[in-house]
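Q: Please go through the contacts in this structure and say what each term rests on.

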Amino acid sequence: MQGLAGVAACGTVPAFGASAATRPPYAPRFFNAPQWDFLIAACARLIPADIHGPGALALDVPRFIDMQMQTPYGHGAGWYLAGPFMQGADNLGYQLPYTPRDLYQRGITGMNAHATTRHGRPFAALAPAVQDDLLRAAEQGSLVFDEVPSAVFFEQLLANVMEGAFSDPIHGGNTGLGGWTMLGFPGARADFMDWVDRYGAHYPLGSVSISGERA
Amino acid sequence: MSGDARRLSPVDVVIVGGGWAGSIMAKEMTEAGRSVVMLERGPDRSTAADGAYPASIDELEGNFRYRLFQDLSKNTVTIRNNSQQTALPYRRMAAFLPGEGVGGAGLHWSGVHFRIAPDDLRLRSRVIEKYGRAFIPEGMNLQDYGVTYEELEPFFDKAEKVFGTSGEAYRVNGQVVGRGNVFAPSRSDHFPLPALKDVYTAHIFRKAAEEAGFHPYSLPAANASQQYVNPYGVQMGPCNFCGYCSGYACYMYSKASPNVNILPVLRRHPLFELRSSSHVLKVELDADGRRATGVTYLDADGQECMQPAEIVILAAFQFHNVRLMLLSGIGRPYDPARNEGVVGRNFVYQNVTTSTVWLDRGVETNQFIGAGGGGVAFDDFNSENFDHGPLGFVGGSPVWVNQAGVKPIGAAHVGGPPGTPRWGSAWKAGTIDTYRHSLRIDAHGANMAYRDVYLDLDPTWKDTCGQPLLRMTFDWKDNDIRMNRYVVDRIGDVAKAMDARQVHLVRREFGSPFDTRQYQTTHLGGGAVMGEDPGTSALNRYLQSWDVHNVFVIGANAFPQGTGYNPTGMVAALAYWAAHHIRVTYLAHPGPLAG
Ligand SMILES: Cc1cc2nc3c(=O)[nH]c(=O)nc-3n(C[C@H](O)[C@H](O)[C@H](O)COP(=O)(O)OP(=O)(O)OC[C@H]3O[C@@H](n4cnc5c(N)ncnc54)[C@H](O)[C@@H]3O)c2cc1C
Ligand code: SF4
């Protein structure tokens, strides 16, 4: 059964863990220590390591996000950030003056403040089930941070976590092509001339990255 | 024009925008011996630089950082659902993705390359003939294009040959010749290339649609199924279904683009000059406002320049064309209260929903394989191909599997079947299952035009040049929602013939407003429409301004209402049609071509 390919991918999970352990630790450039602790803890809950494949930590998603904060994107490139700023119906989209960097600063402060008020400890120090409850509350928008609705922060975080797990490793995440292998995505092969009409068959070649790394 | 604008030496034709519309017009005008300057506000782009393998095969940069798209930080639109609301800026890319840079969105489109259903060109007349005037809902501005399929056919044919389009004809010169779309009108020639192979999901869909009693056909695709040399002498290579199509420059030189199919010839032409990083501010008019004298633009150094020209062609994309007309005072702005005026009138979109079918876990759907224009469709519920009488709505929808290549960040956002959380272990399991074993079916419906759906200038927000943003007032209407729901039920009929493990039919919901946060399509239309009545159209049937005869406005802005098809085949045919009449008549006798 083709579904076994997923199980086979799981067999490689410890390997990702091991290679992560032997890499020099990444020193974040944008996030300070408490923010970095939050990011690591939140990533581990959003994409946990489990029988389906590697988690966000083995894929170096926090590193990816920190690196993105150094790019023009992190500084709001491509977003129209001219005033005036007015809030409207949700379906009319994002209406805050903040760049991704601003959203992380404010959002993490807000999450940790909630964690401390409710549970006496910052987010990273809480039990996984409690962290999940807080993330769910943020997702549903039921927390209120100073200037950023919790759902806006959560969407920013979730989008970047998905990007970190599944983008080309050139951007700092998807370590060992673990995200792609888990999904069954062959990466930058980008040539299926000989497979387009092999109907229903499992694609036999493993993932490859832009730099030529193979899974 | 401010006093310190640098006045440049005059040319015959100035073209605003370097996409399909602008490139076709530039080619035609240089063939007619006219000097042409093309002003494109974005950077110069080419396949060699922007489509290099493997660097360009990067989903984050292509589909999530919008490397080749419009820079919204400089210029965007505001959007609201109705005229009682305050429109708010479209601050981040989501619902639609306008292009920028040489080639426009044509460098990174998908390639679905349609003609138009003949009935759609005269939809108002056809609906009245078939169902009576009372059938048209209150508030719907249903109109005819003022041009027939027979008149446009040579230009559809020409565009397909320039694009190197792959497809299978049904009828050529009245004879049935193949297994193409039985509802398509007769053609003067076959497609230049045979249809692309079906990917697996399209193959499954074709079989199931047939079993359900419908008439599937291969989508016409401007993705070359074989090596090809177009009439301009440029070469295309065969598409390898790389899956990085929509949002990317094609590294195989297989997807038609202005950059591959037209510009290589133009760039060498002595009468042609391309100026990139040149942002046009407005069209300058003479004292009585009846003739354009040229355009004012900011050059790459931010210097304001006035480019004098005998003919001004706006080819800046649908809504940028409308905005430039409003900023320049060309044509009477639309007033929704009185349903009068024409610039901004009949703004339309594409009415798409996507349903998902999960197959057995032993079957891999390999969704990463795909070509942007490839797939299988049926038209049984498109245009006037079915009896609307008992259904009580205007418009229709083709249905298709158009697997352009699903990539992993996109798949992560799609997630799992309904009810799956958006993160955590359950999300992982659902996403892996959906990615490996599902297929997606679109109802790609038409959106009709309504009196209270329109474009005008925003009173509050401005671009970095200090000019007002364009304001969109748009929402889905009951007629179009009912059409979508009827057609999605037919998708349900097809899914029943598929051995599905699970089916999730997605319908448009009544009362659920247009959501600017969800990607739909970049098939925006109308706003400066063509027609035979200057009271309801900004352009005559040759896409010439009724008011300023030396201004031609080329793009999907000319569509009086939406169609079930993707727009670019029609835009290209209209460009060749307008160019033909400029060449044959206007150049010798400048003046109004109609009326
Ligand atoms: C991801 C994607 C996939 C698509 N897939 C399909 C498909 O499969 N089939 C289909 O039919 N259509 C498709 N489309 C739509 C298609 O791309 C457009 O219909 C087509 O490119 C429009 O061509 P155009 O020349 O009118 O405009 P554009 O290609 O947008 O070109 C207009 C150019 O004008 C420039 N410009 C704008 N304002 C100014 C100014 N003030 N001064 C100077 N320059 C200016 C812009 O920068 C731009 O480069 C797709 C679009 C996108 C974004
Ligand atoms: S799918 Fe085909 S046409 Fe599209 S980018 Fe890849 S090779 Fe080019």
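Q: What makes B:V280 a polar contact of ligand 1?
A: A polar contact is a pair of N or O atoms within 3.5 Å; within protein, one must be able to donate a hydrogen and the other to accept it, and residues adjacent in sequence count only if both atoms are side-chain atoms. A polar backbone atom of B:V280 is 2.9 Å from a nitrogen atom of ligand 1, so the pair qualifies. This is a predicted model, in which local features need pLDDT of at least 70, side-chain atom pairs count only at pLDDT 80 or more, and totals for chains, interfaces and linings use all residues. Side-chain values use heavy atoms, without hydrogens and water; residues are numbered from 1 along each chain as its sequence is written, with chains lettered from A and ligands numbered from 1 in the order in which they are written.

Q: Which side chains come within polar-contact range of ligand 1?
A: Among them, B:E40 places a polar side-chain atom 2.6 Å from an oxygen atom of the ligand, and B:T568 has a side-chain N or O atom 2.7 Å from a ligand nitrogen.

Q: Why is the pair B:K197 and A:D197 called a salt bridge?
A: The term requires a side-chain nitrogen of Lys or Arg within 4 Å of a carboxyl oxygen of Asp or Glu. The closest N and O atoms of B:K197 and A:D197 are 3.4 Å apart, so the pair meets the rule. Five salt bridges are found across the interface of chain B and chain A.

Q: How many residues of chain B are in contact with chain A?
A: With contact taken as heavy atoms within 4.5 Å, 70 residues of chain B touch 76 of chain A.
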